[in-house]
Amino acid sequence: MANDIRQDIIKMLVEAGSGHSAGPLGMADIFTALYFEVLNHRPKQPDWPERDRLFLSNGHIVPVRYATMARAGYFPLEELKTLRKFGSRLQGHPERLRLPGLESTSGPLGSGLSQAAGHALALRMDGNKARVYCITSDGEHDEGNIWEAVLFAAKNKLTNLTVIIDRNNIQIDGPTEQVMPLGNLAAKYAAFGWHVIEIDGHNMQAIISACDLAKAIVEQPAVIIAHTIPGKGVDYMEYDYHWHGNPPGTLETPGAPPKAEQAKVALHELRTLGGRIRSEHE
Amino acid sequence: MINSQMHLNPELLSPEVKQEPIRSGFGRGLLAAGESNKDVVALCADLTDSTKMADFAKSFPERFVEIGVAEQNLVTVAAGMALAGKIPFVSSYAAFSPGRNWEQIRTTICLNETDVKIAGSHAGVSVGPDGATHQMLEDIALMRVLPRMMVVAPCDAIEAEKATKALASHKGPAYIRLAREKSPIITTDETPFALGKAQVLREGTDLTIVACGTMVYYALLAAEELASSHKLDVEVVNAAVIKPLDTVTIVASARKTGAVLTAEEAQINGGLGGAVAEVLADHYPVPMARVGMVDRFGESGTPEELLEHFGLTAPGLIERALELIKRKSHK
């Protein structure tokens with residue numbers, strides 16, 4: 001499934017002619033795990049009051065969410081072609097009012113975790129047992145607003161909140177550790193009073209187990225630091241920060257095929273990988 | 001003539017007129033809104049007493065959220081709570097919220113259309129000794145430009161209470177501007193108030209003063225003085241709701257008097273003055289002048305010293321009104 005979603009992402013981005021490649025490909029396994037194993041949700045009833053909520057803080061990776069939602073039955077796969085086009089429900093960055101099933105509007109970095117935390121607090125006030133998940137990126141942790149939310153969630157002991165950080169070590173201007181070193185994120189979160197779980201973000205079983213474990217933590221919010229490979233599944237994109245904000249067919253990078261061939265090569269690789277996508281960490 | 005249908009405070013023009021900070025009315029309105037609707041929650045950024053959220057916090061501790069000194073988190077946590085069906089009121093000093101967190105307000109409250117009410121206290125130069133950093137003057141412009149955002153600047157504590165209650169039942173984003181210092185009570189419980197409506201407090205035919213917030217009192221004083229010393233019949237419109245601005249009332253008044261003066265304790269660029277200029281340019285241009293802060297910052301001083309220095313008093317308004325009358329008659 002995660003591989004089908006990766007192919008959907010490549011097709012969507014090529015059709016749109018713009019958008020982010022690396023992040024969505026790197027997060028395909030996590031979104032697959034969430035929508036097909038972890039979340040308690042009803043694709044045909046996106047406003048079901050008891051649904052688990054998934055806040056996407058780093059809105060720019062939304063193609064992976066759209067593709068996964070379509071595969072999960074929220075809307076027809078055909079609609080994925082409309083990404084970023086005029087009149088589409090699939091805006092370049094997610095807009096809650098446009099597409100049922102998006103919990104919030106995001107894109108400008110740093111404000112999703114606060115919303116997820118506020119939402120978790122409100123659900124607890126109402127005795128609603130639904131769980132709140134929030135996906136953030138590592139680069140997003142440059143934003144002060146994130147750390148304000150980290151303090152807030154710990155203070156309020158939001159045990160109904162699970163945060164997943166896409167630790168892919170890249171951002172637009174280069175490696176995160178050069179742009180603005182984040183250092184030991186696990187130690188930082190632990191020092192802020194969170195329960196920290198670190199996983200390989202391409203190991204399906206590890207993702208599901210971590211989400212289960214997070215539910216069992218008492219007195220603390222839980223963060224899953226998921227180590228992912230940006231561009232995962234497409235050789236010429238993996239680890240290369242140039243593909244953070246560009247779709248196939250738009251860039252010449254060392255080792256990449258000519259522009260005209262890039263989409264074809266990416267799809268071919270993803271089609272033939274089959275079960276071979278597995279983590280370098282394993 | 002004072003418009004009798006407005007049921008204004010009979011002691012309004014007396015030197016002993018009762019005074020109370022506008023923010024106190026917000027505190028009462030919030031408490032009342034909390035009593036009548038259990039979905040109302042309040043969030044504060046370490047200024048619970050001075051933004052008058054303390055009574056709500058005491059009465060409904062389980063619905064009060066202390067955020068600490070983190071204004072970006074203040075509005076984004078509120079947005080998340082609103083998405084779960086709450087009606088959050090958030091407060092801080094206006095310089096910090098909506099001063100510091102504008103983009104979060106834009107994305108997570110306006111574009112996201114969440115039901116968050118932002119209270120900005122200590123707006124205007126009358127904050128006094130704290131100086132320019134804490135004298136918020138750009139908030140009206142910042143909030144007015146955002147799609148879906150309602151902007152309210154009540155003229156006294158009673159109107160602030162009514163506005164706060166009204167906002168609790170109004171669906172959608174809103175900003176309410178509050179002042180620190182005590183200011184005269186202009187209205188009564190009987191004075192009409194409606195979101196989207198400007199009120200003609202005093203009727204006249206020679207000139208219109210459109211004012212908001214603390215300047216409404218000075219506008220009424222100036223109108224009295226212009227009547228007694230200059231035989232001028234001045235209409236005073238309270239534009240407590242700056243957005244959506246009551247175009248019908250303002251244009252009707254401009255048609256009647258042929259000249260419009262605006263008054264606000266804020267930047268005239270993009271503020272109430274800007275808003276009224278836009279409406280008149282679109283519908284019925286007349287000679288106009290704007291009293292307020294003219295593209296500059298405030299400074300430390302007593303509120304009285306500062307208001308006088310910047311012409312934000314009755315004498316300041318009278319001077320500008322007489323100039324405007326001259327322009328009108330030369331037209």
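Start in chain B and select Ser183(B): its relative accessibility is 7%, so it counts as buried. The model on your screen is a predicted one.

**Stop 1: Ser183(B)**

Ser183(B) sits in strand 8 of chain B, which covers residues 182-184. Now show what surrounds this serine. Leaving aside residues up to four places away in sequence, Ser183(B) touches Lys18(B), Gln19(B), Glu20(B), Pro21(B) and Ile22(B).

**Stop 2: Ser24(B)**

Move to Ser24(B), in helix 1 of chain B (residues 22-36). Is Ser24(B) buried or exposed? With a relative accessible area of 13%, Ser24(B) is buried. Next, draw a distance from the C-alpha atom of Ser24(B) to that of Arg180(B). These two residues are 156 residues apart along the chain, yet their C-alpha atoms are separated by 9.0 Å.

**Stop 3: strand 7 of chain B**

Select residues 174-177 of chain B, which form strand 7. Both faces of this strand are covered. Ala174(B) and Ile176(B) are buried on one side, and Tyr175(B) and Arg177(B) are buried on the other.

Strand 5 of chain B (residues 117-121) runs parallel to strand 7 of chain B and is joined to it by 4 bridges. Look for Ala119(B), which stands opposite Ile176(B). Strand 6 of chain B (residues 150-152) also runs parallel to strand 7 of chain B, with 3 bridges between them. Here Met150(B) has Ala174(B) as its bridge partner.

**Stop 4: the sheet of chain A**

Switch to chain A and show its strands. In what order do the 5 strands of the open sheet lie? The order is 1-2-3-7-6, and the pairing is parallel. Strand 1 (53-56) and strand 6 (195-200) of chain A are the edge strands, each pairing on one side only. On average, neighbouring strands of this sheet are turned by 20 degrees against each other, direction ignored.

Strand 1 of chain A runs parallel to strand 2 of chain A, and 4 bridges join them. To see the pairing, select Leu56(A), which stands opposite Ile135(A) in strand 2 of chain A.

Then go to strand 3 (residues 161-167) and strand 7 (residues 222-227) of chain A. They pair in the parallel sense over 6 bridges. Pick Ile164(A): its bridge partner in strand 7 of chain A is Ile224(A).

Helix 5 of chain A (residues 112-125) packs on the sheet. This helix touches strand 1, strand 2 (132-137) and strand 3 of chain A. The direction of helix 5 makes about 170 degrees with that of strand 2 of chain A.

**Stop 5: helix 5 and helix 6 of chain A**

Show the side chains next. From helix 5 of chain A, Leu113(A), Ser114(A), Ala117(A), Gly118(A) and Leu121(A) take part. They meet Asn145(A), Ile146(A), Ala149(A), Val150(A), Phe152(A) and Ala153(A) in helix 6 of chain A. Colour this contact by class: there are 8 nonpolar, 3 polar and no charged residues.

**Stop 6: helix 1 and helix 4 of chain A**

Select helix 1 (residues 2-16) and helix 4 (residues 62-72) of chain A. They pack at an angle of about 125 degrees, and their axes are 9 Å apart. That angle makes helix 1 of chain A oblique to helix 4 of chain A. The two helices pass in a right-handed crossing.

On helix 1 of chain A, pick Asp4(A), Ile5(A), Asp8(A), Ile9(A), Met12(A) and Leu13(A). On helix 4 of chain A, pick Pro63(A), Val64(A), Tyr66(A), Ala67(A), Thr68(A) and Arg71(A). This contact divides into 8 nonpolar, 1 polar and 3 charged residues.

**Last stop: helix 3 of chain A**

Finish at residues 28-38 of chain A. How many of the 11 residues of helix 3 of chain A are buried? The count is 9, so helix 3 is mostly covered. Among the buried residues are Asp29(A), Phe31(A), Thr32(A), Tyr35(A) and Val38(A).

How values were computed
Residues numbered from 1 in each chain as written. Chains lettered and ligands numbered in written order. Predicted model: local features only at pLDDT ≥ 70, side-chain atom pairs only at ≥ 80, totals over all residues. Heavy atoms only, no water. Axes fitted to C-alpha atoms, helices over the stretch in contact; angles between N-to-C directions. Parallel < 35°, antiparallel > 145°, perpendicular 65-115°, else oblique. Left-handed = near helix turned anticlockwise from the far one by under 90°. Contact = heavy atoms within 4.5 Å. Nonpolar A, V, L, I, M, F, W, Y, C, P; charged D, E, K, R; others polar. Pairing = 2+ DSSP bridges. Buried < 20%, exposed > 50% of the residue type's maximum accessible area, 1.4 Å probe, protein only.
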